[in-house]
Amino acid sequence: MNESVGVRADPVADRIVHLTQLEPLAEERLAGPTWDYVAGGAADEHTLEDNVAGWSRIKLAPHTLVDVSHIDTTTTLLGHALAHPILIAPTARHTAYHPDGEAATIRGAKAAEALYVQSSLGGTGLTEVADAARSADQPWWFQLYIQRDRDWTQELVERAVAAGATGLAVTVDTPTLGARDRDKRDNLGAAAGAFYPILDGAPVLPDATPAHRRIYNPHLSPNITWADLEWLVEISPVPVIPKGILRADDAHRAVDLGAAAVMVSNHGARNLDTVPATVDALPGIVSRVSDRVPVIVDGGIRRGTDVAKALCLGATAVMIGRPVIWGLATYGERGVTHVVEMLRTEFEMAMALLGAPRLRNLGPDLLWANQP
């Protein structure tokens with residue numbers, strides 16, 4: 001981290017009015033390998049670009065002459081009454097972006113009324129995450145990477161639930177990392193330099209393979225299967241939500257095995273390049289399982305219209321990742337809050353201009369491609 005650049009004071013006073021204004025400010029603060037890690041994607045980063053561009057390809061078809069004097073964004077998701085459908089996605093090591101790390105993000109999420117998802121690769125231990133969430137009265141889910149040692153994995157699940165996690169988002173698309181060229185150049189993946197408190201103590205197999213030929217990651221199990229998802233559903237006392245589904249048939253199978261919801265995600269375009277943008281994967285999954293479980297989508301959401309489009313396509317909620325890091329790095333917890341508030345405000349504006357005062361009014365008829 002570039003420690004010479006201080007955290008700024010107030011995004012409102014600085015007239016930060018949309019998410020992407022924060023990106024260059026975060027780059028200034030996190031210049032170097034840390035910024036490469038935040039900003040980068042896999043290989044040539046085609047999917048990274050498409051994740052953002054895909055939302056703009058969709059055109060909206062607003063209704064007119066609708067009373068939108070009251071906009072209602074409230075929803076319910078797996079037992080949580082939410083003020084709006086914008087969640088904070090799991091992202092690694094918030095301590096690399098701000099001294100207060102995940103605790104600042106949790107406080108910012110609370111002020112923004114946003115459900116928070118804690119990463120297994122966080123820079124803060126589970127006890128500290130639990131303390132911060134309890135102090136803020138902030139609900140949260142836990143994102144799980146299944147470890148090679150399944151007994152240790154079960155202990156981690158039990159610890160997370162005991163700490164207060166009310167949902168388990170299990171990443172299913174990462175048996176290994178993708179070809180992250182920026183991180184390789186920066187040697188960011190060197191196992192000796194990586195420490196993740198939540199995974200401290202996990203059995204790790206040594207890998208003598210030279211770095212340029214290494215495929216597997218010591219913190220990820222390369223042999224996870226559908227049996228593991230079924231096992232997690234059986235042992236978890238909280239809902240299990242597979243994260244990283246892109247195919248409709250996979251979504252259907254996950255729900256058959258007991259998944260409580262599905263997260264449509266390509267891991268922020270950080271794993272396999274040239275997979276579809278999540279906006280392109282979303283409709284097929286919605287058509288297959290949305291009558292049975294909620295569908296959550298992340299990837300490239302930068303504007304309130306993107307949120308509206310996701311819900312028009314059938315998503316129940318969206319998650320944002322990189323913009324939260326931008327806000328945290330530049331303004332701390334206030335930046336996290338401001339990121340969500342900007343997106344929420346734009347979303348409410350979009351609902352009003354679409355003639356959709358309630359979330360249930362957002363449907364495929366508001367997409368131009370579906371007009372006669």
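Modeller: The expected span of a helix is 1.5 Å times one less than its number of residues, and helices (H or I, at least four residues) are DSSP runs numbered from the N terminus. This is a predicted model, in which local features need pLDDT of at least 70, side-chain atom pairs count only at pLDDT 80 or more, and totals for chains, interfaces and linings use all residues. Residues are numbered from 1 along each chain as its sequence is written, and side-chain values use heavy atoms, with hydrogens and water left out.

Colleague: How do you know that helix H12 is short of the span of a straight helix?

Modeller: H12 (residues 322-354) has 33 residues, for which a straight helix would reach 48 Å. Its end C-alpha atoms are only 27 Å apart.

Colleague: Where is the kink in H12 centred?

Modeller: On Tyr331, with a value of about 145°. The bend at a residue is the angle between axes fitted to the seven residues ending there and the seven starting there.

Colleague: What makes H12 mostly covered?

Modeller: Of its 33 residues, 25 are buried (under 20% relative accessible area, 1.4 Å probe, protein chains only).

Colleague: Why is a space called a cavity?

Modeller: Because, on a 1 Å grid over the protein atoms alone, a 1.4 Å probe fits at its points but cannot get out; lining residues have an atom within 4 Å of a point. By this rule there are two cavities of 30 Å³ or more.

Colleague: Which residues line the second largest cavity?

Modeller: Tyr145, Ile146, Thr171, Thr174, Ser221 and Ile224.

How values were computed
1 Å grid on protein atoms, 1.4 Å probe; cavity = no way out; pocket = protein on both sides within 12 Å on 5 of 7 lines; lining within 4 Å. Points joined across faces, edges and corners; volume = space filled by probe spheres on them. Helix = DSSP H or I, 4+ residues; strand = E, 2+ residues; numbered from the N terminus. Buried < 20%, exposed > 50% of the residue type's maximum accessible area, 1.4 Å probe, protein only.
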